[in-house]
Amino acid sequence: MNRIVWVISGINRRMMKLLVALALIAYIASVWGTYTNMRSIQELSEMKIEQRIDEAVAPLREKIHDLELSFTQKYPPVKFLSEKDRKRILITGGAGFVGSHLTDKLMMDGHEVTVVDNFFTGRKRNVEHWIGHENFELINHDVVEPLYIEVDQIYHLASPASPPNYMYNPIKTLKTNTIGTLNMLDPEVHPQNEEYWGHVNPIGPRACYDEGKRVAETMCYAYMKQEGVEVRVARIFNTFGSRMHMNDGRVVSNFILQALQGEPLTVYGSGLQTRAFQYVSDLVNGLVLLMNSNISSPVNLGNPEEHTILEFAQLIKSLVERVSTVSHSQIQFLPEAQDDPQRRRPDIRKAKMMLGWEPVVPLEEGLNKTIQYFSRELEHQANNQYIPKPKAARMKKGRPRHN
């Protein structure tokens with residue numbers, strides 16, 4: 001009997017141990033399952049948090065990438081020049097229409113270029129593609145104030161050239177032009193050669209520009225005779241191209257802007273008055289050739305190919321209609337201005353003979369490039385809710401006039 005009781009007790013102890021072991025295993029399994037579930041939940045939560053962080057950071061990463069690209073921007077191709085061939089060149093008004101194209105050429109030719117501009121008519125974005133280049137420097141400065149800088153050549157282009165701009169502040173324009181080296185005069189001789197002194201009204205609305213340019217030539221030659229300063233004088237005739245102001249009040253810009261916006265092309269008088277326009281790249285090439293020559297007397301840089309104002313209007317209208325579905329402009333004739341020159345054409349025989357220079361860009365090719373530029377500008381400005389309107393032709397004695 002005792003033996004049976006002992007056996008039962010032994011079995012009970014084993015069962016108890018087994019039950020305890022099973023209970024322990026169950027407890028461990030339960031704890032492990034709970035831990036595993038908590039770990040899964042934690043991992044899932046961490047994944048969601050990481051996903052949300054990635055979503056929030058993604059735009060920042062894109063901005064950082066854009067910034068990295070801007071700091072590592074690729075510049076237009078630049079030639080390498082040795083120290084003896086590389087020049088330090090200052091361009092006043094270098095962010096303007098002509099100045100920015102001259103900046104491009106001199107930079108790509110391998111020179112060190114310093115642009116000085118007060119951004120009255122110039123725009124920083126005209127030269128922003130050079131910012132950061134080791135050969136380029138941009139200085140916000142008004143040339144009326146002294147500037148001390150050591151350079152090999154100076155191209156002085158710091159003067160507003162369109163009537164609405166230079167008439168806005170005639171005193172300022174006159175101050176700028178009196179230290180200038182450029183000249184463009186109203187003609188009364190046809191064609192105009194370098195011996196022509198100009199027909200200028202000293203008290204008219206253009207006097208701040210015209211007389212300023214004439215005094216500038218006098219100052220240049222006075223310094224040449226007295227101080228031995230080397231000077232070059234370019235007399236620049238009508239020029240057009242990209243980066244010019246669309247609403248500057250001149251013939252080409254007015255016609256293109258009117259045509260692109262489907263407005264009438266305004267022609268004053270019969271439209272038989274003639275003008276001659278050169279594309280900006282031709283002018284830039286002429287300026288560089290003149291600067292590097294030994295010609296100290298004035299040289300005309302312009303296009304001797306004359307066209308009537310009406311021909312310009314008709315040509316620009318047809319060119320715009322090829323690329324725009326909006327333009328169906330008509331030509332509108334307005335009263336003729338009594339003082340509007342009937343013929344304007346430069347005599348460039350001197351430039352051809354002494355510089356080997358003459359315009360090479362066909363009129364239609366240059367106009368197409370300018371139309372494309374103006375079209376992009378209109379799209380850009382439309383997005384900013386600003387649509388420019390053509391300026392009225394410049395006024396003199398209360399009457400409009402073609403430029």
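**Questions on burial, phi and salt bridges**

Me: Why is phenylalanine 119 called partly exposed?
Reply: Phenylalanine 119 has a relative accessible area of 23%. Buried means under 20%, exposed means over 50%, and partly exposed lies in between (1.4 Å probe, protein chains only). The value of 23% falls in between, and therefore phenylalanine 119 is partly exposed. This is a predicted model, in which local features need pLDDT of at least 70 and side-chain atom pairs count only at pLDDT 80 or more, while totals for chains, interfaces and linings use all residues. Residues are numbered from 1 along each chain as its sequence is written, and side-chain values use heavy atoms, with hydrogens and water left out.

Me: What makes the phi of phenylalanine 119 worth noting, and where is this residue found?
Reply: Most residues other than glycine have a negative phi. Phenylalanine 119 is not a glycine, yet its phi is positive, near 60°. The residue is found in the loop between strand 2 (112-117) and strand 3 (136-140); strands (E, at least two residues) and helices (H or I, at least four) are DSSP runs, numbered from the N terminus.

Me: What is the phi of arginine 243, and where does this residue lie?
Reply: Arginine 243 also has a positive phi, of about 75°, although it is not a glycine. Arginine 243 lies in the loop between strand 7 (239-240) and helix 6 (251-260).

Me: How do you know that aspartate 104 and arginine 243 form a salt bridge?
Reply: A salt bridge is a side-chain nitrogen of Lys or Arg within 4 Å of a carboxyl oxygen of Asp or Glu. The closest N and O atoms of this pair are 2.9 Å apart, so the contact qualifies. The pair links distant parts of the chain, 139 residues apart, with aspartate 104 in helix 2 (residues 97-108). By this rule the count comes to 17 salt bridges.

Me: Why are aspartate 104 and arginine 243 called buried?
Reply: Aspartate 104 has a relative accessible area of 11%, and arginine 243 has 16%. Both values are under 20%, so both residues count as buried.
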